[in-house]
Amino acid sequence: MNSASTLWKTVKNAMLYLILCVVTFLICFPLIWALSTSLKPKSEIFATPPTLIPHNLTLENYEALLTGRQQYYQAQGAPQNTGTTPAQFFTRWFINSVIVTLGSTLISIAVSTLAAYSLTRFRYWGRSAVPYFSLLGYMVPSIIFVFPLFLMMVRLDLTDSLWSLILGYVCITLPFCMWLMWAFMRSIPIEIEEAALIDGASRYQVFRQIVLPSALPGIIAASIFAMIVSWNDYLFGRVFINSIDNLTLTVGVMLFFEGTHVDWGLLMAASVLMTVPMAILFMALQRHLVAGFGAGAVKG
Amino acid sequence: MEVRLEGITKNFGSVQILKEVNLVFPSRKFVTLLGPSGCGKTTLLRMIAGLEEITAGQIVFGDRVVNRLAPKDRNIAMVFQSYALYPQMSVRKNLGYGLRVRGTVSADVDAAVERVAKILEIDHLLDRKPGQLSGGQRQRVALGRAMVRKPDIFLMDEPLSNLDAKLRVTMRSELRRFHLDLNATTVYVTHDQLEAMTMSDLVAVMHQGVVQQFGTPAEVYSRPANRFVAGFIGSPPMNFLTAARRGNEAEAGGGVLSLPPLSDDATKAETVVIGVRPQDLEIVPVSGNDRLKGKVSLIELLGSEKLVEVDFVGVRVLVQVRADFPVKEQSEVFVHFNPDRLHVFEAESGQSIVKRATL
């Protein structure tokens with residue numbers, strides 16, 4: 001009886017893990033395939049039967065992207081320097097993406113933190129409605145904003161500059177960041193601030209020394225959200241930017257498709273390089289992310 | 001430092017929380033604001049601290065009106081009900097924050113922190129975060145944070161309510177001792193009458209935004225100004241019997257009771273409420289003057305005492321007797337109402353109409 005139930009438990013666990021493994025594999029497969037393809041020489045990419053683990057490991061695709069060498073045309077035996085290739089711009093796009101992501105996140109977080117503090121600590125007309133409206137704003141698909149925003153950018157003479165993207169991303173990330181920070185700030189007991197006020201701190205010192213450290217998990221959660229949205233955006237980058245120099249990664253990588261030939265190895269290497277920063281960030285901060293969203297969920 | 005509250009009124013919107021509170025807290029006394037939740041006692045404390053605006057009236061520290069002074073400029077310290085420790089700072093930093101933020105040099109901060117930590121016996125916890133402390137330890141850190149700056153006025157908002165019953169008893173005597181050491185005026189808010197009675201020099205009993213009585217614990221216990229104070233202070237609570245008064249006697253519970261001397265202007269009151277504490281009643285075997293006949297309906301053992309519930313005609317009364325006192329449920333008994341121990345209130349206003357002998 002006892003051993004039978006232990007056996008059943010083992011079988012049940014084994015089945016559970018089997019299912020988990022299959023699901024995980026299904027979810028991860030595109031990423032694994034991208035990684036595998038990016039490490040294959042050209043000859044092996046379309047080999048039949050396909051290989052999951054490359055027979056001949058090569059870093060030539062990464063090298064091409066990171067150094068901008070025109071490996072694509074050379075491989076075709078064509079004359080050198082016949083034109084620009086997407087690979088040439090990869091590092092440029094990468095830097096653009098980083099600038100835009102960090103810029104918009106910084107602005108979003110700064111504004112939403114201060115706004116949330118004001119909304120939770122001061123009494124004024126409409127303060128309880130703002131968070132809900134801002135959440136409503138987040139629920140509107142960004143395609144609705146993109147053309148009005150584009151027209152505004154034209155007026156401001158900001159089209160084709162990274163500023164247009166930074167401001168555009170602030171527009172779509174700020175509402176949710178603010179709501180998140182609002183929910184988080186509400187969970188910080190006001191007595192802590194009052195204690196600091198009595199202890200002798202000024203409003204600014206209270207905010208800087210007491211509130212901000214307490215709000216850190218919320219700030220991290222909101223930052224991750226803002227970074228993911230900005231880093232992964234395609235729409236705004238596509239609409240706001242014209243020149244190849246100012247593209248971000250998501251739009252730029254699409255250029256690998258244009259032309260007569262798709263270099264899958266390069267494309268996959270680019271995809272992997274695009275994914276890595278977010279993956280690292282996520283792994284480093286996911287503990288805070290759960291805490292941040294958790295606090296928001298309970299109190300909000 | 002003496003604290004004077006002159007005509008303090010507080011409105012939240014159209015709701016009046018405090019109505020014309022006039023109190024004087026003498027220098028270096030331990031004063032307790034006592035009342036049920038919602039009576040305005042915490043609001044009053046927060047107004048003294050400067051955390052709440054004053055609708056009308058003025059607060060005076062010594063000879064200085066502090067109405068418009070920011071909390072940090074009042075040289076007060078406050079212990080919050082939730083302790084309100086800074087969660088991301090170590091105990092050491094928590095204790096020293098008030099000094100550091102005021103620009104004290106770090107050597108002096110360290111010395112002051114060490115000194116207070118030693119007094120409170122938390123010197124071994126200095127490098128821990130508040131999250132790693134027990135409730136009692138947090139309580140001590142909160143106290144320490146208030147003590148370290150040597151404030152003129154020490155404000156405490158129900159600091160013991162989050163502790164377990166046993167710790168509360170020990171902390172009561174400790175708080176009292178700290179108060180004596182600190183030489184500051186202490187204003188203490190609680191809804192627990194036992195805390196108020198055991199710790200305070202003076203108690204202000206509050207109800208619905210109005211101070212009902214302000215006096216020493218002995219005064220509010222033995223000579224309650226009105227029915228609210230009488231019912232709020234004392235455990236188990238005072239018994240109340242509605243009675244028809246005739247001269248210095250009253251008809252209640254199917255018998256006649258003599259009343260204590262009443263004040264001269266009380267002659268009009270025909271219906272009165274007699275109050276008597278369970279401890280002041282006696283169960284006696286035979287009938288006599290000032291004795292009512294009743295039936296024991298319930299007996300509750302408290303330990304060294306027991307509570308006997310006695311039903312009279314139309315009224316039920318609690319009598320506290322020694323645990324070994326011979327009495328049985330459902331038995332008929334006589335209860336002696338000693339006139340000297342009776343409190344008499346006007347039925348309508350609830351005000352005491354007993355003639356007060358000066359103590």
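Student: What makes B:A204 in strand 9 of chain B the bridge partner of B:L33?
Tutor: The bridge partner of B:L33 in strand 9 of chain B is B:A204. Strand 3 (residues 30–34) of chain B and strand 9 (residues 202–207) of chain B pair in the parallel sense over 4 bridges. Two strands pair if DSSP finds at least two bridges between them, so with 4 bridges the pairing holds. Strands are DSSP runs of E with at least two residues, and helices are runs of H or I with at least four, numbered from the N terminus.

Student: On what conventions does this rest?
Tutor: This is a predicted model, in which local features need pLDDT of at least 70 and side-chain atom pairs count only at pLDDT 80 or more, whereas totals for chains, interfaces and linings use all residues. Residues are numbered from 1 along each chain as its sequence is written, and chains are lettered from A and ligands numbered from 1 in the order in which they are written.

Student: Why are strand 6 and strand 10 of chain B said to stand at the edges?
Tutor: The open sheet of chain B has 6 strands in the order 6-7-8-3-9-10, with mixed pairing. Strand 6 and strand 10 (210–215) each have a single partner strand, so one side of each is left without a neighbour in the sheet. From one strand to the next the twist averages 15 degrees.

Student: How do you know that strand 17 and strand 18 of chain B pair?
Tutor: Strand 17 (residues 305–312) and strand 18 (residues 315–322) of chain B run antiparallel and are joined by 8 bridges; the criterion is at least two, so they pair. B:K306 stands opposite B:V321 in strand 18 of chain B. The two strands form a hairpin with 2 residues between them, and B:G314 in the turn has a positive phi of about 75 degrees.

Student: What makes up the contact between chain B and chain A?
Tutor: Chain B gives 17 residues and chain A gives 14, where contact means that C-beta atoms, placed from the backbone, lie within 7 Å. On the side of chain B, strand 6 (76–79) and helix 2 (91–100) each supply at least two residues, and strand 6 of chain B has the largest share, 3 residues. That side has 12 nonpolar, 3 polar and 2 charged residues. Ala, Val, Leu, Ile, Met, Phe, Trp, Tyr, Cys and Pro count as nonpolar, Asp, Glu, Lys and Arg as charged, and the others, Gly among them, as polar.

Student: Why is the crossing of helix 6 and helix 8 of chain A called left-handed?
Tutor: Helix 6 passes helix 8 of chain A in a left-handed crossing; the name applies because the near helix is turned anticlockwise from the far one by less than a right angle, clockwise being right-handed. Helix 6 (residues 130–139) and helix 8 (residues 162–186) of chain A pack at about 140 degrees, with axes 8 Å apart. Axes are lines fitted to C-alpha atoms, for helices over the stretch in contact, and angles run from 0 to 180 degrees between N-to-C directions. Among the residues making this contact are A:L135 and A:W179, and by class the contact has 8 nonpolar, 2 polar and no charged residues.

Key
Two residues are in contact if their C-beta atoms, placed from the backbone, lie within 7 Å.
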